[in-house]
Amino acid sequence: MKRLICCLFFILLTMACQKEMSSGVDSYDVDAIRNSNKVFNVEDSGLKVSYIPLEMSDSSLVGDIEKILLTKDYIIVRSNELIFLFDYTGKFIRRIGTQGDGPGQYKSIWDVSVDESEQRLFLADYSTSKVLEYDLEGRYFNDYSYKPFWWTFEAIDGLFLINPMNLFGNEAYKIKLTTYTGDSIAYFKNDILYTSQDNLLYPTVKCFQRYHKEIIFRQQFNDSIYTFVSHTKDLVIRYYFDFGDAHFPIELLENAENFRTQSVNYGFVEDITETDDYIFLHITYKGKNEKYILRKGSDGSFYKVEKDTGVLIKTADLYFWPKWYNNERLVNYFSASEILSKRDKITDDNLIEIASSMSDESNPVVVIATLDK
């Protein structure tokens, strides 16, 4: 009897954990978005931009940036298998962890997340299938083993929200919620299932975005965008994109050659970055990369971006497209070479001063922007 009760409890738990709510979901017609003639007016948008040059020293040589996180006190940069902390003036504070085989060391960074409520930074080491835990002072606390390993994750309120790696097309869940030690709390069924012939991994820019007290989740080749509600542990369909006849057929993922030759006939979401008032949408549509800005709300409008490369910051003649959204701020960066190539056209006084002291070897400049309503 006890065994039967335990089995029934597990079944009920499973049913509860796989609950997805989808009633009253908004949809965006991709054809309508693409056919809009409106152009986003940056000068009238209330876009406010700050430029933060990252201090360069022998301990803080930043190359290509894979991820930027913002906390109350720090800019956290993942670059070249290293994690750097800077303050909001760009002053270098410290590095987190070191490469190696010893305690508290890692071999290759797969992803990094911050649980600011716990003042903890978590670094996923793909080579060892471990997640290492540090505080923001750089002190190492623990590591946690995960097998099989996963794609990306967020640390939130003492738990890990995980997007498993779907290398073979048969991963059962698109999201798992676990304790740090791997005990399952909730999990949500995967809709992107296929029979892989090539074991080909399709990369993605990001899956999770923190949005106030919630987390927005985007699964590659899934037209639906989700909200993970942390206090109820529900996964809610937030909205979806209707690609119509260009809807991407999942079976194309089974064969690399078919994907290469036939995906140009379809469309899918590459990335989103969402604020209270806008959705910055990056799609691939019939072989072309396209970017749009959607104004949220009942009077929502669709805007084309002036250039394929992103939102034009007119005062600097540089192109800014938000890659991350942290603490109500849009985030990306300019490399030194980008800034120096536009140096003669820059009219922003702050950026002129930054450029005057830069060389091609200088660290990148973090760009943080906010948009007025």
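# Briefing: cores, cavities and pockets in a predicted model

The chain has an average pLDDT of 87, and 90% of its residues score at least 70; pLDDT is the predictor's confidence in each residue, from 0 to 100. This is a predicted model, in which local features need pLDDT of at least 70, side-chain atom pairs count only at pLDDT 80 or more, and totals for chains, interfaces and linings use all residues. Residues are numbered from 1 along each chain as its sequence is written, and side-chain values use heavy atoms, with hydrogens and water left out.

**Confidence**

- Where pLDDT is low, the predicted coordinates should not be read in detail.

**Nonpolar cores**

- A nonpolar core is a set of buried Ala, Val, Leu, Ile, Met, Phe, Trp, Tyr and Cys residues joined through side-chain atoms within 4.5 Å. Buried means under 20% relative accessible area, exposed over 50%, and partly exposed in between (1.4 Å probe, protein chains only).
- The largest nonpolar core holds 47 residues. Tyr51, Phe241, Ile272, Ile293 and Ile339 touch the most other members.
- Strand E23 (residues 278-285) gives the most to this core, with six residues. Strands (E, at least two residues) and helices (H or I, at least four) are DSSP runs, numbered from the N terminus.
- A second, separate core has 32 residues, including Val62, Leu70, Val77 and Leu123.
- Beyond four places in sequence, Ile272 contacts Phe241, Ile279, Phe280 and Leu281, among others. Its partners also include Lys206, Gln209 and Arg218.

**Cavities**

- On a 1 Å grid over the protein atoms alone, a cavity is a set of points where a 1.4 Å probe fits but cannot get out; a pocket is an open set with protein on both sides within 12 Å along at least five of seven lines; lining residues have an atom within 4 Å of a point.
- Grid points are joined across faces, edges and corners, and a volume is the space filled by probe spheres set on the points.
- The whole structure has three cavities of 30 Å³ or more.
- The lining of the largest cavity splits into 12 nonpolar, six polar and three charged residues. Ala, Val, Leu, Ile, Met, Phe, Trp, Tyr, Cys and Pro count as nonpolar, Asp, Glu, Lys and Arg as charged, and the others, Gly among them, as polar.

**Largest pocket and His212**

- The largest pocket has a volume of about 550 Å³. Of its 23 lining residues, Glu116, Arg210, His212, Lys213 and Asn327 lie nearest the centre.
- By class, this pocket lining has eight nonpolar, seven polar and eight charged residues.
- His212 sits in the loop between strand E18 (208-211) and strand E19 (214-218). Its phi is positive, near 55 degrees. His212 is partly exposed, at 45% relative accessibility.

**Ser129**

- Ser129 is not a glycine, yet has a positive phi of about 55 degrees. Most residues other than glycine have a negative phi.
- Ser129 lies in the loop between strand E11 (120-125) and strand E12 (130-135). Ser129 is buried, with a relative accessible area of 14%.

Notes: Contact = heavy atoms within 4.5 Å.
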